[in-house]
Amino acid sequence: MERIPKLKEVPSSIKLLDKLKVVDLVDMPDEFVKSIDPDKGHDHWIIKHVPLVLIHQSFGPKYYDYDIRTINSSSKGS
């Protein structure tokens with residue numbers, strides 16, 4: 001998902017995508033990113049089945065000025 005400024009929470013239907021391997025988020029609203037934080041996010045339970053969640057946040061004017069954070073969620077196979 002990329003640059004969806006009005007999306008403030010994780011769509012709960014993602015929980016139903018049990019074979020989803022990666023969620024890649026680019027320049028999403030801060031409120032959305034905070035909601036999926038593994039320690040404090042109230043919506044993290046929706047994506048915790050996804051083995052890899054990548055969060056790309058722009059911090060500068062250049063194309064490669066991104067902070068990339070990875071959330072390794074627990075998977076069913078572990």
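A nonpolar core is a set of buried Ala, Val, Leu, Ile, Met, Phe, Trp, Tyr and Cys residues joined through side-chain atoms within 4.5 Å. Buried means under 20% relative accessible area, exposed over 50%, and partly exposed in between (1.4 Å probe, protein chains only).

The model is predicted: local features need pLDDT of at least 70, side-chain atom pairs count only at pLDDT 80 or more, and totals for chains, interfaces and linings use all residues. Residues are numbered from 1 along each chain as its sequence is written, and side-chain values use heavy atoms, with hydrogens and water left out.

**Exercise 1. Describe the fold of the protein chain.**

Step 1. Count the elements. The protein chain has two helices and three strands. These are DSSP runs, numbered from the N terminus: helices are H or I with at least four residues, strands are E with at least two.

Step 2. The pattern along the sequence is β-α-α-β-β.

Step 3. Check the overall form. A compact globule of 78 residues would have a radius of gyration near 12 Å, so the 13 Å of the protein chain agrees. This radius is taken over C-alpha atoms, and the globule rule is 2.2 Å times the number of residues to the power 0.38.

Step 4. Along its principal axes the C-alpha trace spans about 40 × 25 × 20 Å.

**Exercise 2. Find the residues that touch the most other members of the largest nonpolar core.**

Step 1. Take the core itself. It holds 15 residues.

Step 2. Val10, Leu25, Ile36, Ile47, Val53 and Ile55 touch the most other members.

Step 3. Locate the contributors. β1 (22-26), α1 (30-35), α2 (44-47) and β2 (52-58) each give two or more residues to this core.

Step 4. Follow Val10. Leaving out residues up to four places away in sequence, Val10 touches Phe32, Ser35, Ile36, Asp43, Ile46 and Ile47. Contact means heavy atoms within 4.5 Å.

**Exercise 3. Decide whether Leu16 and Asp37 are buried or exposed.**

Step 1. Take Leu16, in the segment before β1. Its relative accessible area is 68%, so Leu16 is exposed.

Step 2. Take Asp37, in the loop between α1 and α2. Its relative accessibility is 19%, so Asp37 counts as buried.

Step 3. List the partners of Asp37. A polar atom of the Asp37 side chain lies 2.9 Å from the backbone nitrogen of Lys40. Asp37 also touches His44 and Arg69, not counting residues up to four places away in sequence.

Technical notes
A polar contact is a pair of N or O atoms within 3.5 Å; within protein, one must be able to donate a hydrogen and the other to accept it, and residues adjacent in sequence count only if both atoms are side-chain atoms.
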